[in-house]
Structures are given as structure tokens and as C-alpha cells.
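Subject: Structure handover

Hello,

Here is the structure I said I would pass on. My notes on it follow below.

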Amino acid sequence: MKKKKILSMLLVGTALCASMLFGGCGTSGSDSASSGNDGKVVIYSNADDEAVDAMKKALDNNGFKDKYMFQTFGTSELGGKLMVEGKNIEADVVTMSSFYLDSAQEKNKMFTDLTFDYKPLTEKVNFYAPITSQEGTIIVNTEKLKEANLPMPKSIKDLANPIYKDQISVTDVKASSTAWLLIQGLVSAYGDEEAKNILGGIYKNAGPHIENSGSAPLKKVRAGEVAIGFGLRQQAVADKLKGLPIDFVDPTEGNFSLTESIAVIDKGDKTNPLAMQIAECIIHNARVDLLKSYPNPIYEGETSDSVNKSAYPKTFAEKLSVDLLKKHQDLSEAAKQL
């Protein structure tokens, strides 16, 4: 009898586990989002930890504590969900690279117009509001560079110089949009063909240090595994201000940038009534903290300390889109074969 009871309990437990496993629960983010969310607003985001923390702080301090749940994804993963799932996505609110929101709206008509006031410095889009602007730059470990007796690079093109072999860390554009900032700089300055050749040289120098995470190059430079990386400028600025042996070099090809924005999913009668309020709260209350980590002003009235301003801010001539990203991903893959 004891054996039968134990077997019965095991079978029940297995059934419960299977129910939980296939019930649609997500576990890849800072909070788990599921269909049984008790009316909470589900927020899907590709944001870095600093941005997520700032958004949570704004929500918690303005009456929305315990009324939402965050789930974070890589940019490519969340972009895929937006393009494939459309309005059927579980999220009520998304924060995501603006170019992906543009492409998802064009394909799926999945976002509702925002009903609150916001005044961006760039052209206003009705269905999303920017939350951050992020620039790319060359990141250097000054101690490692001196130890290896290497010159300070001045441009992205310099990173293809064989003298930097095994001393470079970059991100794969197939995995992270941070790498797109590097590729935009090369294509803008040199055209597709020369950009491919330069990128091929950079990849040869990077060897095993071609990363999937946008922050991985900084971490490897910080740890002294390599002397030079390409990553987000604001992270390098923060490390330098902390007194770490980290410096940054704004490349002569330009500091290209990507914005991330917030949008509300249009689910008709099923739209969570708190979703728009949460989006408004983030835009109106999180920017003070967001500016500490992402210093580019993006709204009227915002300012930035000159120490945080890039030397060569530039915008890619062609409108950013999923199709353009795919084109540059193909260029990157071709560069790997050189």
C-alpha cells in the first residue's frame, strides 16, 4: 500500500509539473510572466538592468508596486516574438528598440496610440515614446593596452589592424543590436564592400571574443581578458568615473545610436486598463534616473553633463528597420568567411 501511495503521489506531482511547464510560464526575465497574472500588467523588455531598475523604481514610487511584472529578453528574441505573435503576445506593454517597434507595427498593426503627453526632441511617433538613447564607442583597458605595448585606437577601422590580434572583443550582430552601432559606423564611412573587409579583419582579431551579449565586451575589457572592446558608451563612462582603468574612444566614423521606446499592445476590449497608465508613469517619472545611466537627452527640457556627451554623434542615413538589420547581419556573416 505504501508503494502504491508513493507511486500515486509521484504521478500527481508529475502531472502538476507538466501542467506548470506547458502552461505558458516564462522564466527568462527578472520576474516570471504567465497567463495567471492576477490582473497585473505584463511588461516585456529588452532593456539592460540599469534601465529596468529605473523603470521599476518609478513604478513602485508612484502607486504601481505589485501591479506589474517584468520579463526581459534579448533584442533578437523579443523582436521575433513581436513580429510573429503580434497582438497575441502575452505582454500588455513592451519596451524595445524603436526600429523593431516600427517594423512590428507596420506588419501587425499591434500597438495603440499613446494617450498621454510627451515631447521628444526627434519626430514624435504616436504609438511609442522613447525611454533611452544608447551610443556605441570603443572601450579600452588602459593598463592592459600599456602592458601589451599597443597604441590607442582612434577609429573602428583601426581595430582591424593585425597588431590588435587576440586583444579585441566585439558583439555578434545576429545576437545583439549593440554590434549594429559598430556596423552602421563602418557602412556609413566606407560603404558595404570595404565595411565587410574591415569587419572581417576585426573578427579575425577578436577570434573567440565575438560575443552574444552587448555588455560582454565591456566585461572582458574590465577583467583584462582583452585590451579593447566595442560597446555601449554610457557603460564605459560609468566605469571611468568609478576610477576603473577604463577609458573610451569616440570613433572618427561616428557615435551611432539606437533608441529604445515603450509601447502599449492594442488588445481591444481585453487591453489591461492599467497598461497606458504604467507607460505614462515610466515616461514621466523614470527619466531622471535613466539619464544617470543613459545621458543622451531625448525630451524637451532635458540636459546632459558635457563629460557624458559624445564627440561624433551621428545618425545612419537610411531609416533603421528589421530589413536593414537583416542586410547588415548578412554583411557580418560574409565578413566572418573572409
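How are α2 and α9 oriented to each other, roughly parallel or roughly perpendicular? The model is a predicted one, and in it the axes of helix α2 (residues 49-60) and helix α9 (residues 275-285) cross at roughly 110° and come within 9 Å. An angle of 65 to 115 degrees counts as roughly perpendicular, and α2 and α9 are therefore roughly perpendicular to each other. On the α2 side the contact is made by M55, A58 and L59, and on the α9 side by I278, C281, I282 and N285. Sorted by type, the residues of the contact of α2 with α9 are 6 nonpolar, 1 polar and no charged.

Some overall figures. The protein has 338 residues, of which 52% count as buried, and it contains 11 helices and 11 strands. Taking contacts between residues at least 6 apart in sequence, 76% join residues at least 24 apart.

Next, the nonpolar cores. The largest one has 58 residues, and the members that touch the most other members are L82, V94, L101, F111, W180 and I228. Helix α6 (residues 178-206) contributes the most to this core, giving 13 residues. There is also a second, separate core of 32 residues, with V93, F116, M276 and A279 among them. As for W180, its contacts beyond four places in sequence are F99, V173, L258, L320, S321, L324, L325 and H328.

Another residue to look at is N205, which lies in helix α6. The relative accessibility of N205 is 4%, so N205 counts as buried. Setting aside residues up to four places away in sequence, N205 touches L159, A160, N161, P162, Y164, K165, D166, Q167 and I168.

Two further helices have lists of buried residues. In helix α4 (residues 98-108), 8 of the 11 residues are buried, so α4 is largely enclosed by the rest of the structure. Those buried residues are S98, F99, Y100, L101, D102, S103, A104 and Q105. Their cover includes α3 (75-85), β3 (93-97), β4 (111-112), α6, β10 (255-265) and α11 (322-336). After α4 comes K109, which has a positive phi, near 45°.

In helix α7 (residues 216-223), the buried residues are A216, P217, L218, K220 and V221. Among the elements covering them are β5 (129-141), β6, β7 (210-211), β8 (228-232), α8 (233-241) and β9 (246-249). G224 follows α7, and its phi is also positive, near 80°.

Is P153 buried or exposed? Its relative accessibility is 1%, so P153 counts as buried. Apart from residues up to four places away in sequence, P153 touches I138, V140, D158, L159, Y164, I228 and V249. P153 and F248 are 95 residues apart in sequence, while their C-alpha atoms are 9.9 Å apart in space.

Regards

Notes: Residues numbered from 1 in each chain as written. Predicted model: local features only at pLDDT ≥ 70, side-chain atom pairs only at ≥ 80, totals over all residues. Heavy atoms only, no water. Core = buried A, V, L, I, M, F, W, Y, C linked by side-chain atoms within 4.5 Å. Buried < 20%, exposed > 50% of the residue type's maximum accessible area, 1.4 Å probe, protein only. Helix = DSSP H or I, 4+ residues; strand = E, 2+ residues; numbered from the N terminus. Contact = heavy atoms within 4.5 Å. Axes fitted to C-alpha atoms, helices over the stretch in contact; angles between N-to-C directions. Parallel < 35°, antiparallel > 145°, perpendicular 65-115°, else oblique. Nonpolar A, V, L, I, M, F, W, Y, C, P; charged D, E, K, R; others polar.
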